[in-house]
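The model is shown first.

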Amino acid sequence: MLEFKDVTKQFEGNDYPSVHKLNLKVERGEFVVFIGPSGCGKTTTMKMINRLIEPSSGEILVDGVNVLKQNVVQLRRSIGYVIQQIGLMPHMTVGENISLVGSLLKWNKEKQQERAKELISLVDLPEDYLTRYPHELSGGQQQRIGVLRALAVNPPLILMDEPFGALDPITRDSLQEEFKKLQREMDKTIVFVTHDMDEAIKLADKIVIMNKGEIVQAGTPDDILRHPANEFVEDFIGKDRLLESRPEVTRVEQIMNPNPITIEEESSLKEAIQKMHAKRVDSLLVIDGAGILKGYVDIEMIDSNYKKKNQVYEVMDTAKYAVDKNSLLRDTMYRMLRRGSSYVPVVTDNNKLAGIVTRATLADMVYNTIWGEETAEGSAIE
Amino acid sequence: MQTMMDTLSSYGWDLLDKTGEHLYISIAAIVLGVLVAVPLGILLTRIPSKTADRFISFVGILQTVPSLAILAFLMPFLGVGVVPAIIALFIYSVLPILRNTYTGVMEVNASLKEAGKGMGMSTFEIIRKVELPLALPVIMSGIRFATVYLIGWATLAAFIGGGGLGDLIFDGLNLYKPELIVLGTVPATILALIANGLLSLLEKGLTPKALIK
């Protein structure tokens with residue numbers, strides 16, 4: 001998808017090159033995060049991809065074609081671009097901003113508007129926002145639009161220059177999550193620049209740590225946290241984070257109990273009671289024939305409806321919060337504790353039940369962190 | 001008052017004529033000024049700012065040359081009449097428009113230009129879709145300033161045979177008829193005020209809705 005071959009950038013008047021003989025391959029659909037102290041060359045590296053900065057030597061290939069051999073305007077239109085300052089045009093409506101690249105490509109008005117409506121629904125903003133102006137939106141909403149603008153003509157590759165850096169921590173958190181989800185759904189290749197290690201760990205498939213124009217280490221977040229290449233990387237990650245690295249990088253899927261106790265929605269209440277009794281639990285997750293999570297039912301619901309209703313789906317509660325199996329345990333833990341629930345069902349992308357995380361699972365985690373690892377399999381079941 | 005009315009009745013058609021000429025000279029000069037100074041101002045934003053600043057200072061010096069002197073200098077080259085008058089006035093219109101265009105475009109938030117560039121706007125598209133709409137209020141106030149001054153200075157056109165309301169003022173001076181001077185001055189002032197008002201309206205109409213505070 002994207003390849004750097006011996007790429008060097010020497011700015012005039014600088015003693016050292018900003019980027020020095022950089023080699024890197026990025027696969028299609030990969031989320032790559034460049035990180036490093038300021039002046040390490042991460043932004044320069046990214047901007048060379050869409051030629052906002054031209055490399056002094058070496059080649060950058062996008063889908064096998066050297067970017068320097070392409071028409072610069074067309075190249076940029078084919079690559080999404082999101083910047084930290086958001087950069088929405090203040091004199092254009094939100095809809096016009098989203099359709100900006102579409103209008104450059106001479107899409108007709110209907111196609112532009114249709115696409116804008118489609119996109120704004122992805123970020124849960126109402127359609128009438130399309131006719132508003134950027135200054136009427138909050139910072140978080142503005143950057144959502146900034147991201148949509150980059151997605152508008154559906155480019156396979158998107159460059160993001162510290163896109164969430166200027167937002168407050170809570171907004172940043174929710175945007176990161178939303179965006180990670182979008183990226184997985186749309187199968188985009190992302191090149192993302194940040195100086196925030198938390199952000200890198202949360203979003204990246206591959207983290208590229210840079211210093212003084214060179215790559216110090218490149219690998220999955222897990223790799224880097226477990227095997228930092230040298231002292232620089234260790235310092236950069238921070239010692240605290242190395243200690244806490246388990247919940248930081250562990251995905252829910254890795255610790256969940258994959259065999260939660262379930263019942264089909266068509267089953268009778270009697271069967272439900274029997275199952276609870278046999279398994280010694282007080283609630284059951286309700287699924288349909290295809291294994292899609294429908295809700296949950298607990299002993300109180302059955303008790304108060306036993307005489308009036310017959311089947312599970314009549315008494316179950318459908319509003320049950322669930323987490324994606326690929327989300328990080330760190331975030332899940334926080335939510336579970338905050339919500340005060342005793343368990344959280346884990347689902348796949350299409351809401352199929354994949355497992356369950358209970359408070360007992362968390363207790364095992366903490367136990368392992370304090371007393372060292374042991375095989376937690378099996379003991380994670382309530 | 002009686003003499004004023006007499007002058008008005010005897011110079012009535014003349015006054016209309018002269019006002020027409022006056023407008024023609026001023027408008028021609030200002031249109032020429034916009035056509036030259038706006039593109040030039042944008043061009044200046046594309047070169048190193050040191051050179052641009054120097055250029056603007058140079059134009060500023062031109063502007064300090066007394067207008068009467070400019071008219072006199074132009075006479076050997078362009079002769080007398082309407083054309084040299086328009087050219088002389090045009091020279092005066094350039095600086096305010098040029099300076100405001102340059103400042104207005106330079107003040108457009110750099111991140112907007114970067115966003116535009118990064119999304120694949122050509123230089124021309126950045127100018128037309130980003131820089132000009134956002135710099136418009138500043139550019140327009142330069143044009144308004146230049147227009148108001150030019151309408152006043154256009155009275156000097158009479159000095160080199162360019163016509164306009166200046167003719168009445170000069171006649172008044174030569175014939176020692178103060179009422180003629182008033183007859184030339186008042187319409188020029190009114191013209192300037194009307195032009196200012198119309199251009200303010202135009203400015204409001206052209207400014208992107210979201211930018212009106």
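Two strands count as paired if DSSP finds at least two bridges between them. The model discussed here is predicted.

In chain A, strand 15 (residues 343-347) and strand 16 are joined by five bridges and run antiparallel. Within strand 16 of chain A, the residue opposite A:Val344 is A:Val357. These strands belong to an open sheet of three strands in chain A, ordered 14-15-16, with mixed pairing. Strand 14 (323-324) and strand 16 (353-358) of chain A are the edge strands; each has a single partner, so one side of each has no neighbour in the sheet. In general, strands of a sheet pair through backbone hydrogen bonds, either parallel or antiparallel.

In chain B, helix 6 (residues 123-153) has 31 residues, and a straight helix of that length would span 45 Å. The end C-alpha atoms of helix 6 of chain B are only 37 Å apart. Helix 6 of chain B also bends by about 60° at B:Leu136. A proline, B:Pro137, follows within four residues of that point.

The two chains touch: 17 residues of chain B are in contact with 17 residues of chain A. On the chain B side, helix 5 (110-118) and helix 6 each supply at least two residues. Helix 5 of chain B gives the most, with six residues. The table divides the residues of chain B that touch chain A by class.

| Class (side of chain B that touches chain A) | Number |
|---|---|
| Nonpolar | ten residues |
| Polar | four residues |

Technical notes. Residues are numbered from 1 along each chain as its sequence is written. Chains are lettered from A and ligands numbered from 1 in the order in which they are written. This is a predicted model: local features need pLDDT of at least 70, side-chain atom pairs count only at pLDDT 80 or more; totals for chains, interfaces and linings use all residues. The expected span of a helix is 1.5 Å times one less than its number of residues. The bend at a residue is the angle between axes fitted to the seven residues ending there and the seven starting there. Two residues are in contact if their C-beta atoms, placed from the backbone, lie within 7 Å. Ala, Val, Leu, Ile, Met, Phe, Trp, Tyr, Cys and Pro count as nonpolar, Asp, Glu, Lys and Arg as charged, and the others, Gly among them, as polar.
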